[in-house]
Structure formats: structure tokens, C-alpha cells
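Thank you all for coming.

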Amino acid sequence: MTNPINSASLGTLAAMGGMGDNDIRDGKSNWFEAFANAWGKALDTQADVITAQSDVVSQGGDKPSDITQLTAESMRMSFMANSSHSSIDSVSKALETMARKN
């Protein structure tokens with residue numbers, strides 16, 4: 001059976017996680033860690049967006065549009081956090097299943 005994860009997909013995932021192809025191949029890390037790191041960076045970026053919008057609201061930006069934007073960004077963070085958890089959990093369960101079959 002061939003490995004469904006090819007070099008191109010490893011490179012894409014590694015780039016999202018801030019790692020190079022060689023880092024993964026040399027055993028410095030693995031694609032699962034790169035996957036988790038990519039989610040972490042995405043969540044950190046969204047947290048920065050929320051912080052910036054919160055600063056707008058706290059500095060007198062109490063217009064309904066400012067508050068609505070903060071609410072929308074907070075809901076996006078919630079969606080991303082749930083997606084992150086679900087995808088990492090699914091991948092880890094798949095890896096566990098593969099490990100049992102080997």
C-alpha cells in the first residue's frame with residue numbers, strides 16, 4: 001500500500017506550520033506536529049484580530065458596527081477553535097488506527 005501523503009502535501013502542510021520539507025524528512029518533526037502548529041498559528045492570528053478590535057471598542061468605539069465586528073471575530077475564533085480540535089482529534093484517531101494495524 002502506498003502512502004497517501006506525498007511530498008507536495010507534506011511541503012504544503014510544513015509551510016503552514018513554518019517548517020521545511022527537509023525538517024520533516026530529517027526527523028526533526030513530523031507532519032502531525034506541523035499540522036498542529038499551523039492550527040496554533042492560525043488561532044494566534046485570530047486572537048490578535050480580536051485583541052485589536054477589542055482595543056477599538058475599549059477606546060470609545062462603542063458604535064454598533066464596532067461591537068458587531070468584535071462579536072463576529074469572536075465567533076470566528078470559536079469556529080476555528082472547534083474546527084482545530086475536531087481535525088486534530090480526527091487525524092490522531094486515524095493515526096492510532098493505522099498504528100494498530102501495523
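I will go through a helix pair, then an aromatic pair, and then the salt bridges.

Please keep in mind throughout that what you see is a predicted model.

Let me begin with the helices, where the axes of α3, covering residues 31-58, and α4, covering residues 64-101, come within 9 Å of each other and cross at roughly 170 degrees. Because angles over 145 degrees count as roughly antiparallel, α3 is described as roughly antiparallel to α4. If we sort the residues in the contact of α3 with α4 by class, we find 20 nonpolar, nine polar and three charged residues.

Next, the aromatic side chains. The structure holds one aromatic pair, and its partners are Trp31 and Phe32, with the ring centres 6.4 Å apart and the planes at 85 degrees, an arrangement that is edge-to-face. As for solvent, Trp31 has a relative accessibility of 23% and therefore counts as partly exposed, and Phe32, at 22%, is likewise assigned to the partly exposed class.

In one of them, Arg76 pairs with Glu73, and the closest N and O atoms are 3.2 Å apart. These two residues sit three positions apart in helix α4, so about one helical turn separates Arg76 from Glu73. Are the two partners buried or exposed? Arg76 is partly exposed, at a relative accessible area of 45%, whereas Glu73 has a relative accessibility of 8% and so counts as buried, the limit for that class being under 20%.

Another salt bridge joins Lys93 to Asp89, again with 3.2 Å between the closest N and O atoms. Here the spacing is four residues within helix α4, which means that Lys93 and Asp89 are also about one helical turn apart. Lys93 is partly exposed, with a relative accessible area of 48%, and Asp89, at 28% relative accessibility, counts as partly exposed too.

Finally, Glu96 forms a salt bridge with Arg100, where the closest N and O atoms are 2.9 Å apart. Both residues belong to helix α4 and are four residues apart, about one turn of the helix. Glu96 counts as partly exposed at 43% relative accessibility, while Arg100 is exposed, with a relative accessible area of 61%.

Methods: Residues numbered from 1 in each chain as written. Predicted model: local features only at pLDDT ≥ 70, side-chain atom pairs only at ≥ 80, totals over all residues. Heavy atoms only, no water. Axes fitted to C-alpha atoms, helices over the stretch in contact; angles between N-to-C directions. Parallel < 35°, antiparallel > 145°, perpendicular 65-115°, else oblique. Nonpolar A, V, L, I, M, F, W, Y, C, P; charged D, E, K, R; others polar. Phe/Tyr/Trp six-rings, centres within 6.5 Å; stacked < 30°, edge-to-face > 60°. Buried < 20%, exposed > 50% of the residue type's maximum accessible area, 1.4 Å probe, protein only. Salt bridge = Lys/Arg side-chain N within 4 Å of Asp/Glu carboxyl O.
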